[in-house]
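Here are a few friendly notes to read with the model open beside you. Take them one at a time and find each place as you go.

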Amino acid sequence: MNAKSASPSPTPASPPSPYSSAFARENAETHTLSVLVDNEPGVLGRVVGLFSGRGYNIDSLTVAEVAHESHQSRITIVTTGTPGAIEQISHQLERLVPVHKVTDLTLSVRAIERELAMVKVAGKGDARVEALRLADAFRARVIDATLESFVFELTGAPRKIDDFIELMRPIGLVEVSRTGVAAISRGPKPI
Amino acid sequence: MSKQMTGAEMIVEALKDQGVDTIFGYPGGAVLPIYDAIFNQNRVKHVLVRHEQGAAHAAEGYARSTGKVGAMLVTSGPGATNAVTGLTDALLDSIPVVCITGQVPTHLIGSDAFQECDTVGITRSCTKHNYLVKSIQDLPRILHEAFYVARSGRPGPVVIDVPKDVQFATGTYSVPKNAQHKTYRPQLKGDLGKIKAAVEMMAKAKRPILYTGGGVINSGAAAATLLRELVSLTNFPITSTLMGLGAYPASGKNWLGMLGMHGTYESNNAMHDCDLMIAVGARFDDRITGRLDAFSPGSKKIHIDIDPSSINKNVKVDLGIVGDVAHVLEDLVRLWRAEAHVAEPKALDKWWKQIDEWRARNSLAYKASPTTIMPQYAVQRLYELTKDRDTYITTEVGQHQMWAAQHYHFEKPNRWMTSGGLGTMGYGLPAAIGVQMAHPDALVVDIAGEASILMNIQEMSTAMQFRLPVKIFILNNEYMGMVRQWQELLHGGRYSHSYSESLPDFVKLAEAYGAKGIRCSDPARLDDAIREMIETPNAVIFDCVVDKMENCLPMIPSGKAHNEMILPDFGDDIGGVIDEKGKMLV
């Protein structure tokens, strides 16, 4: 007898993959997480290892000590994933023993995001003039100059830096160094 | 009270102050000062294992059977790397273990010194937390903090890596007043508003089910008592994961048996068709859910868990309650008593009738044989002959483990030690040693397979040295049975390297260690042979020669839903049940 059982309620129509969970079909979003941690050896390794070990993305990551007396560092991570995955990432970060607090700045508050970039541009003649003119429009400062190159320093939202880099590309973009995003919430309260 | 002492002495002192009476370990160059400190005292008993993996599983067995933190001590380099499997096992099954590892002296760290490895780097992803002690001043705090972290919240393994110069250094030891971590505070009480909402959902449920897991055991004896109370108050059916067996008694009338891949027909169908699922200290593991998008499609789900990351990880739930099981159940039972009752008792009666129909399917049945011992029969007989004793069961991993879970019935928590999450072959014997150390007068049986047992067979020496009368009950089918079964299911019965070639003579092997060996292949003689095993005051290896090709059923094949089980009378050919997508899964 074929004992493959039939149960009273039917199974939903055939799905794309047995792996797929409820989250998988949702759209990926980019979120900025602020993570307060004890500044102790290995803490960054724990955070980064969690992302690689569980297959999450890191778009950018910045870290520095923000309170010397209490030895606390603030890590700002920009990550991309489905809302379900982002929620998991927050909870998994909270599980790490040296992590004090995880705030999803994209979810909870309107946050200010800033990034610093140094952009090296090489060129002569009109290109140099054009580069300077655009830099002025973006309030980028010249922090190094030779007869055939500039290094611009630019601070702003990541999008603004993207735009500036795109404009510099045809003029003679050589290389870019970016710090990654630091973020803070608006208003009087801490995160 | 603070005292001057060396780092090595501090370690032993902290173990005493933490109430550790037994530590499992293996010496080596980088832990010699600690072994010297152990030599000079008699409060902490050291059990010398034969491989560091054994130390970890023994500590797990000790912890799981007592509810206390297990302790282990290994040397640097290979000592630490050998412990990694056991630490990972403890992480996946949420077992509290503190592992002290020796490290080369501070000034040699990073120089590729003899027996140096990056222990904190290697164990970062297989521990709940780990420490490298760089200064003797930090050692007392870290030692006590480690125990706090290991046992608090969702328990897990913690490694303390102590360089040899720190072990020799002298410092001031005192028990910290507040032996907590400065910030780590897991939430114990559940949100009362949410618990109220849960009570309301439960009162309205027509087809409820309690799905419980290892979290109930971890939460302690009070949690199991409250769970039993909740079941008797509500008359809800209850099933459990592999890790949660014993939290609710198998003899209880609401018990549906284990659920999941090798769970019963009634529990899996009840999970699939319920209208309210109450998950208590369980984590929706893939062995439980089967195909995720067909998992219990029509139900509302409540999830009680101490780990916020477990909630909505694999399955989206309607109500997540973060908190310790005992704390949450206490409020839940109190609120239920105060105001709630099943709104539609008739619907619940109808649900029970449906469940009884599934039960009548008798999904754990098997074809008995007068000439060959069927593995299920062996476990059943073992159960009948040991159930009235003070018995603890450990297992290895594979078919025998599932047969043990199906056919050995547990009435109390902490009686069942098995490697659930990681599925570590070689777990059972060292775990049994840990259990026997904690319960010297109890009957401790490792239900084993002939392949698994060979993975940590060296621990027989440990059992003999410490006169631990553990019983190893091998269901010997001369195959890595679960591998063979999956090859039958997925790979056309091409049994690639799953035959246990060149097995030792287990009776002679037992005798070589100085233990007793018993072999039985005749079902008519089995009871007598099991009695002989039980009555032997020494360690025993019981070679139970069982049917070679028996499959472990029922089974939800990979990639299938709870209501698509293979039942025992499916027929001889189980190949071809799983489609191409299912074959990709594990």
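1. Taken over C-alpha atoms, the centres of domain 1 of chain A and domain 2 of chain A are 29 Å apart. Please keep in mind that this is a predicted model. In the domain assignment of chain A, domain 1 covers 22-104 and domain 2 covers 111-184.

2. Now look at where these domains meet. In chain A, 7 residues of domain 1 are in contact with 7 residues of domain 2. Together the two domains of chain A bury about 470 Å², with 48% of that area on carbon and sulfur atoms. On the domain 1 side, Thr32(A), Thr62(A) and Arg74(A) lose the most area to domain 2 of chain A, together 61% of what that side buries.

3. What kinds of contact does the interface hold? The elements giving two or more residues to the domain 1 side are β2 (60-67) and β3 (72-81) of chain A. By class, that side of domain 1 of chain A, where it touches domain 2, has 2 nonpolar, 4 polar and 1 charged residues.

4. Next, move to chain B and find Asn456(B), in the loop between β17 (443-449) and α18 (459-465). Is Asn456(B) buried or exposed? Asn456(B) counts as buried because its relative accessibility is 1%, and buried means under 20%. Leaving aside residues up to four places away in sequence, Asn456(B) touches Gln53(B), His57(B), Gly426(B), Leu429(B) and Pro430(B).

Definitions and conventions. Residues numbered from 1 in each chain as written. Chains lettered and ligands numbered in written order. Predicted model: local features only at pLDDT ≥ 70, side-chain atom pairs only at ≥ 80, totals over all residues. Heavy atoms only, no water. Domains from an automatic or database assignment. Contact = heavy atoms within 4.5 Å. Buried area = accessible area lost by both parts, 1.4 Å probe. Helix = DSSP H or I, 4+ residues; strand = E, 2+ residues; numbered from the N terminus. Nonpolar A, V, L, I, M, F, W, Y, C, P; charged D, E, K, R; others polar. Buried < 20%, exposed > 50% of the residue type's maximum accessible area, 1.4 Å probe, protein only.
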